[in-house]
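Take a look at the chain shown here. This report walks through a hairpin, the cores and some ring pairs.

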Amino acid sequence: MDMAALDRWERRLVTIAHVIPYFVLVVTTVLYSIFTAQSAPERWFTYGVVAFGFVWMMWWFTLHPAWHRRTDLMAVFIAGMVVFYAVLGMREHWFGAVSYAVYVYASEVLRGRWMFFVVALTAGLATLSLFGGYPSDAPAAFWLLMLVFVVVACTFTYVGHVTTEQSRMRKELLEENEGLHAQLLVQAHEAGVQDERHRMAGEIHDTLAQGLAGIITQLSAASTSDWERRVAVATDLARSNLAEARRSVHALRPPALDSAALHEALDDVASGWSRHNGVPVSVTLTGAVREMHPEVEVALLRTAQEALANVAKHASASRVGLTLSYMEDVVTLDVRDDGVGFDLARPSDGFGLPAMRHRVHRLSGALFVESEPGAGTAISARVPA
């Protein structure tokens with residue numbers, strides 16, 4: 001049951017419990033009027049006591065719900081109810097059922113021993129009402145019946161109290177769970193936004209940034225003898241990266257993976273990069289090729305593209321090796337070059353390696369980098385297959 005349904009049921013039960021005292025008082029007054037033959041003055045006195053009870057309950061409890069949390073005011077209210085019931089019950093046994101009103105109010109506004117004291121006192125008064133007052137000889141049946149009334153009233157009051165407390169605790173637990181759920185939704189939304197930002201940053205870096213860097217490289221290297229070829233290459237790069245950017249915005253797979261397996265897409269990427277940069281690339285495949293989750297294939301393809309882009313910008317390599325290895329539970333991509341390398345201890349402000357690490361870590365994988373000045377660079381991405 002959710003919070004709203006629980007609140008509705010609690011409100012209905014509380015409303016019924018608050019109406020019943022008035023209902024009992026009306027019914028007992030009607031029965032008293034029909035089946036008793038008291039004189040007019042006695043009747044009007046009884047009616048006056050009944051009217052007092054109505055006004056007392058209405059003023060102290062029904063019309064002022066905020067007073068329910070005031071211990072001092074509720075003590076006056078309950079004391080008045082006990083006196084009211086004592087006077088009414090002693091006058092006529094038809095009003096013995098009015099004790100229910102005292103039980104309801106006592107269990108709602110009192111706690112601990114005072115609640116059980118009032119309930120036990122009211123049960124004793126109910127016994128006296130049944131016998132028409134305290135019997136002069138006080139037979140054993142009187143004391144036995146009083147004991148039964150007290151035990152039954154206190155038992156039902158205790159059960160009702162425990163049930164109410166359990167309902168309150170259950171409500172608090174539901175409120176806490178709803179609060180945690182709302183907090184988790186906010187955190188999930190924030191994490192989703194952050195993840196999407198990382199994705200877009202990576203996609204922009206892997207497409208637009210790499211493409212613009214390649215275009216600048218081609219145009220910067222253009223000379224009078226080969227400017228037409230360089231411009232054509234730059235134009236091809238611009239077109240392909242524009243298509244990649246559009247696909248990144250819509251979170252689509254790279255075009256190289258649309259109609260080819262991962263190792264075939266890596267062949268295409270490597271051959272295109274080699275053609276544009278004039279550096280030979282060897283692609284090696286080990287293990288049995290199998291289908292993988294699209295995110296795994298995209299992450300490995302983007303890692304290869306970023307690694308090759310870094311080689312073109314920084315390595316001054318004469319050859320590059322790309323190895324895709326299918327193992328039992330992981331797949332590994334290794335990219336090695338024989339370029340100038342770099343010092344791993346030196347901090348870098350580039351986005352390439354962090355972007356690769358983020359892509360791989362999103363898939364519970366790991367990225368390893370080995371390099372030193374003058375000894376080339378090796379990048380290894382390992383993700384669950």
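Strand E4 (residues 366–371) and strand E5 (residues 377–384) pair in the antiparallel sense, over six bridges. The model is predicted. Ala366 has Arg382 in E5 as its bridge partner. Five residues sit between the strands of this hairpin, and Gly374 takes a positive phi near 80°.

Which side chains of E4 are buried? Leu367, Val369 and Ser371 are buried and point to one face.

The largest nonpolar core has 39 residues. Phe77, Ile78, Met81, Leu88, Val98 and Tyr105 touch the most other members. Helices H1 (3–35), H2 (40–62), H3 (71–91), H4 (99–109), H5 (112–130) and H6 (140–220) each supply at least two residues of this core. The largest share, nine residues, comes from H3.

Ile78 touches Tyr105, Ala106, Val109, Leu110 and Val118, not counting residues up to four places away in sequence. A second, separate core has 34 residues, including Ala315, Val320, Val360 and Leu363.

## Annotated stretches

An unreviewed UniProt entry lists residues 12–32, 44–61, 73–90, 114–134 and 140–161 as "transmembrane region". Residues 12–32 are 100% helix and 0% strand, with end C-alpha atoms 30 Å apart. Residues 73–90 are also 100% helix and 0% strand. Their end C-alpha atoms are 26 Å apart.

Thr29 is found in helix H1. Is Thr29 buried or exposed? Its relative accessible area is 14%, so Thr29 is buried. Leaving aside neighbours within four places in sequence, Thr29 is in contact with Tyr47, Val50 and Phe95.

## Aromatic rings

The structure holds 15 aromatic pairs.

| Pair | Distance between ring centres | Angle between planes |
|---|---|---|
| Tyr22 and Phe54 | 5.8 Å | 35° |
| Phe116 and Tyr158 | 6.5 Å | 35° |

Tyr22 in helix H1 and Phe54 in helix H2 are 32 residues apart, so their pair links distant parts of the chain. Tyr22 is buried, with a relative accessible area of 14%. Phe54 is partly exposed, at 26%.

Phe116 in helix H5 and Tyr158 in helix H6 are 42 residues apart. Phe116 is partly exposed, with a relative accessible area of 26%. Tyr158 is partly exposed too, at 48%.

Ring pairs also link Phe52, Trp56, Trp59, Trp60, Trp67 and Phe84 into a cluster. Arg43 lies over the face of Tyr32, at 5.7 Å from the ring centre.

Notes
Residues are numbered from 1 along each chain as its sequence is written. This is a predicted model: local features need pLDDT of at least 70, side-chain atom pairs count only at pLDDT 80 or more; totals for chains, interfaces and linings use all residues. Side-chain values use heavy atoms; hydrogens and water are left out. A nonpolar core is a set of buried Ala, Val, Leu, Ile, Met, Phe, Trp, Tyr and Cys residues joined through side-chain atoms within 4.5 Å. Buried means under 20% relative accessible area, exposed over 50%, partly exposed in between (1.4 Å probe, protein chains only). Helices (H or I, at least four residues) and strands (E, at least two) are DSSP runs, numbered from the N terminus. Contact means heavy atoms within 4.5 Å. UniProt positions are given in the numbering used here, feature names are shortened, and annotations may be inferred rather than shown by experiment. Two strands pair if DSSP finds at least two bridges between them. Rings of Phe, Tyr and Trp (its six-membered ring) pair if their centres lie within 6.5 Å; planes under 30 degrees apart count as stacked, over 60 as edge-to-face and the rest as tilted. A charge sits over a ring if NZ of Lys or CZ of Arg is within 6 Å of the ring centre and within 35 degrees of the ring normal.
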